[in-house]
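Student: I've got a structure open and I'd like to learn how to read it. Can you walk me through a few features?

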Amino acid sequence: MQKTLLIIGAIFIAAGLLWPLLARLGLGRLPGDIAVKGEGFAFYFPLTTMIILSIVATVLFRLFGK
């Protein structure tokens, strides 16, 4: 369990450091992502981005998992 938590933490740190590069690729602003802007508030839900990242994570876990 400790090893898994360390790996997940390292992934989050890497994603945070690489965020400017990932933003240039267009992740987070794909068609299908929901953005609602109103007076005094904004709501953003990256639906398509989450689906793509989920597929990538599933493939990686299947390849490198047990």
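Student: How far does α1 reach from its first C-alpha to its last?

Tutor: Keep in mind that this is a predicted model. For a helix, you compare its reach with the span expected at 1.5 Å a residue. Here α1, residues 2-17, has 16 residues and reaches 23 Å, close to the expected 22 Å.

Student: How many of the residues of α1 are buried?

Tutor: Buried means under 20% relative accessible area. In α1 the count is 0 among 16 residues, so the helix is hardly covered.

Student: Okay, and how do I look for pockets?

Tutor: Rolling a probe the size of a water molecule over the atoms shows where empty space is left. In this model, the largest pocket has a volume of about 920 Å³. Its lining counts 24 residues, with I11, F12, A57, L60 and F61 nearest the centre.

Student: Which helix gives the most to that lining?

Tutor: That's α1, with 9 residues. α2 and α3 (47-64) each supply at least two as well. Sorted by class, the lining of the largest pocket has 18 nonpolar, 5 polar and 1 charged residues.

Student: Which backbone nitrogens does the side chain of D33 contact?

Tutor: One belongs to L30, 2.9 Å from a polar atom of the D33 side chain. Another is the backbone nitrogen of L47, which the side chain of D33 reaches at 3.3 Å.

Key. Residues numbered from 1 in each chain as written. Predicted model: local features only at pLDDT ≥ 70, side-chain atom pairs only at ≥ 80, totals over all residues. Heavy atoms only, no water. Polar contact = N/O pair within 3.5 Å; in protein donor to acceptor, adjacent residues only side chain to side chain. 1 Å grid on protein atoms, 1.4 Å probe; cavity = no way out; pocket = protein on both sides within 12 Å on 5 of 7 lines; lining within 4 Å. Points joined across faces, edges and corners; volume = space filled by probe spheres on them. Helix = DSSP H or I, 4+ residues; strand = E, 2+ residues; numbered from the N terminus. Nonpolar A, V, L, I, M, F, W, Y, C, P; charged D, E, K, R; others polar. Expected span 1.5 Å × (residues − 1). Buried < 20%, exposed > 50% of the residue type's maximum accessible area, 1.4 Å probe, protein only.
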